[in-house]
Amino acid sequence: MELNVNQFKKDYLRRLKAKSGRPLEESTVWDQYHALGSLIKEYMTDDWVGTSIAYNKLDTRQVFYFSMEFLTGKLLCDYMHAMGVFEVVEQGLTDLGLSLETISEAERDQGLGNGGLGRLAACFMDSMASVGIPGHGIGIRFNFGLFEQKIINGYQVEFPDRWLENRNVWEVKMPDKAVEVHFGGSVRQDYIGGRNVFFLENTEVVMAVPYDTPIPGYQNGIVNTLRLYSAEAKTPDFDLAGFSRGDYNRVFSEKYAVEAISQVLYPDDAYENGRLLRLKQEYFFVSAGLQGIMRSFKRSGLPIRDFHKYNAIHINDTHPALAIPELMRLLMDIEELNWEEAWKITTQTISYTNHTLLHEAMEKWPVDVMKSLLPRIFMIIEEIDRRFNQITERLYHQVDPRRSQQMAIIGDGQVRMAHLCIVGSHSVNGVAKLHSELLATKELKPFNEFYAGKFNNKTNGITHRRWLLHSNPRLSAHITEAIGDEWIKEPESLGRLMKYHSDPAYLEKLMAIKRANKVDFSNYLHKTSGVSIDPDSIYDIQIKRLHEYKRQTLNILHIMSMYLRLKEDPDLDLIPRTFLFGAKAAPGYQTAKQTIKLINAVGDLINADKDVNEKLKVVFVENYGVTVAEHIIPSADISEQISTASKEASGTGNMKLMMNGAVTVATLDGANIEILEAVGKDNIFLFGLTAEEVYRYTENHSYKAFEIYQNNPLLRRAIDMMTDGTLNVSPEEFYLIRSALLDHNDAFFVLKDFESYANIQKKACEAYRDKKRWSAMSLVNIAKSGIFSSDRTIRDYNRDIWKAPVFETLKGSL
Ligand code: 8GP
């Protein structure tokens, strides 16, 4: 948009006064932030309204991305970039004696997600708008996002994330678009006008009230919508009569029970929860979202039989799987279509992404729970299952009689949500080449054989606008200086940087930028936690959720072994290294929580020991989330992507770090494999078992972790450090970690991969010593990162699955 500094200052001062009721001199940082956010939102309003009018007017096919999680982070600076007003606003604020940096710190992270899956959804929102696809998000407006983590005495302690405490400046409540969602009750069946008709009776009714947030595309005038639903009791207030009779408890408990649905996000990542409230959440937003879509579709006057031609609904993992039976219900029970018609529309509308191969993450719901909470939905699932079984039994009963049972949607008294998604959608994709291949050839093989062509791959991506343009301004400027700013819209043009591969001046500046970013991060860390780190040490970074398969344990055991070696030989020629960890553990996941304590205990030991602390430092960064990531990533030298091969579906942190010039230490897992293909084997440090080897060891039970423990003295001493009193803890402190490694035969092959990990770490350090070589490696990583932009991912989804129109801009379509 067109905006000059003077106009901005005028608008801003007026807005600040109106919002806070105070002049600039008396305003708080919160006032300043709130006024700025509301002004930026207002600047967006014409385009936001215009976009929605244009989509309607053009009868556009639109994409609806249903996701339980949207891990958005802060929005202010990203939005200013998108609207092309960043510099003007920054200048205007400086003129007024204010600092954009300080103001933007007042914004709360929108942390409505756990990790990769939720952050991917947020990147997709940005890319859909920027690429020009009519695509919107549908989810839940949780009152509390992912818990805030504090480290107290080395332990993770969880606190509620009150992100809405001071209001959310970006959202707009839409009470007129509220819909009813029904739970429980019973189904009455009648035969009317030659067809079976189903009525739900005696249900519990919950109001789903949408809150819309604008999602601006990058300087293209397109503003899509993220719609998050909040649960409210049906009567706007509480039962006043009951209240007057003094029946306070009942009156309030009913209201709270309803509102509990959108109260908190479950803090589990890649783990099935199985709690009733979780199922309620899933149905709640899916039903509300579909009713909303149906309502506006019907307003368009288009025939219901064409629903799938105008609406593409994507379900982000199985949490929104009930979209399948719910859409069937709406089409049959409300729109009066027959089963075959409804099924055709449903399957052609819905597509599904799988995000994990871990069995413990596969959602299954007990039949009796589903039946009593959602009786009509369960009937429909049963019917989908019955029809599907008929076909598979006919096909397989002679060759493989068990196959039909294996593929069934309902089995062992449970509804298998992944099976429901596969059967009820027209596309099933994994999130990296290896993951999609393992889905098709191993985990979901019978389905891939049954549905030729339904399975496909869409390798994940990240929005380079947030993760490079906005979070690493120095590097962005250095790139733009060399190749112009086309990369912001066409990230694959970052490849043009390859011509600086051997340009000493360019590479030197690249390293100077990294150094400056490292200083920035060390200042940030000092300010937020009091910890000092040395910007001349290697920053070796592992930031992601804490999970055994991600193997923070491998990293810390290696650090413990370095410590032991240094204690024996303090003159060991090591480049000073700072190991940084950032990770939240699910509150009920005890092994993960012990790992956090272990990292902190090792840190306490090393950081206080003068024999080693000039060469080693271990820091656990508290409360890892989107904003913390934005501070750490630009400063990273080494990116740790060390999951057990076959377990990490894709990873996206690996992409963010490479894009910022970190070099990856990696197993051949998830998207690491595609990073290898992009940068070549000389620009990545690979180690460890392959996925095939992991499968083989697991299948033939030939792995013996204890033997490795016995035969590798250094590793044994590192493991024993957990219990021998070296760390200032009781010998039982880490019993779950130790017993997972030794008593339960190390399911994630930490011991098996230890030696090759230690070797590759040595190689990485040698490479780092050679500044020229390292800077060239770093440059290659940046130059080749363009394909990992979520713009590419979104274009792939749209080309193969959604097939929505792509608009360069909507200006002029009104
Ligand atoms: C994550 C995967 O673990 C990660 O590799 C991938 O990059 C990310 O999804 C985005 O695709 N998976 C989950 O977070 C996940 O599976 N969560 C629960 C649904 C189980």
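How far apart do the C-alpha centres of domain 1 and domain 2 lie? They lie 36 Å apart. This is a predicted model: local features need pLDDT of at least 70, side-chain atom pairs count only at pLDDT 80 or more, and totals for chains, interfaces and linings use all residues. Residues are numbered from 1 along each chain as its sequence is written.

**Two domains**

- Domain 1 covers 59–74 + 109–460 + 797–802, and domain 2 covers 494–689 + 750–788. Such bounds come from an automatic or database domain assignment.
- Between the domains, 38 residues of domain 1 are in contact with 31 residues of domain 2. Contact here puts the C-beta atoms, placed from the backbone, within 7 Å.
- On the side of domain 1 that touches domain 2, the elements giving two or more residues are β2 (70–73), α6 (116–131), β5 (148–152), β6 (155–159) and α17 (433–443). Helices (H or I, at least four residues) and strands (E, at least two) are DSSP runs, numbered from the N terminus.
- That side of domain 1 has 15 nonpolar, 14 polar and 9 charged residues. Nonpolar means Ala, Val, Leu, Ile, Met, Phe, Trp, Tyr, Cys and Pro; charged means Asp, Glu, Lys and Arg; the others, Gly among them, are polar.

**Lys656**

- An unreviewed UniProt entry places "modified residue: N6-(pyridoxal phosphate)lysine" at Lys656. UniProt positions follow the numbering used here, feature names are shortened, and annotations may be inferred rather than shown by experiment.
- Helix α25 (residues 653–659) holds Lys656.
- Lys656 is buried, because 30 other C-beta atoms lie within 10 Å. The cut-off for buried is 20 or more other C-beta atoms within 10 Å, with C-beta atoms placed from the backbone.
- Leaving out residues up to four places away in sequence, Lys656 touches Ile462, Trp467 and Ile633.

**Helix pairs**

- The axes of α21 (residues 504–529) and α32 (residues 771–783) come within 9 Å and cross at roughly 85°. So α21 is roughly perpendicular to α32, a term for angles of 65 to 115 degrees.
- Axes are lines fitted to C-alpha atoms, for helices over the stretch in contact, and angles run from 0 to 180 degrees between N-to-C directions.
- From α21, Leu507, Leu510 and Met511 make the contact; α32 brings Lys771, Lys772, Ser775, Ala776, Ser778 and Leu779.
- Helices α23 (residues 590–607) and α30 (residues 735–742) pack at about 110°, with axes 8 Å apart. They are therefore roughly perpendicular to each other.
- The contact of α23 with α30 has 4 nonpolar, 4 polar and no charged residues.

Notes: Two residues are in contact if their C-beta atoms, placed from the backbone, lie within 7 Å. A residue is buried if 20 or more other C-beta atoms lie within 10 Å of its own, exposed if 12 or fewer, and partly exposed in between; C-beta atoms are placed from the backbone. Angles under 35 degrees count as roughly parallel, over 145 as roughly antiparallel, 65 to 115 as roughly perpendicular and the rest as oblique.
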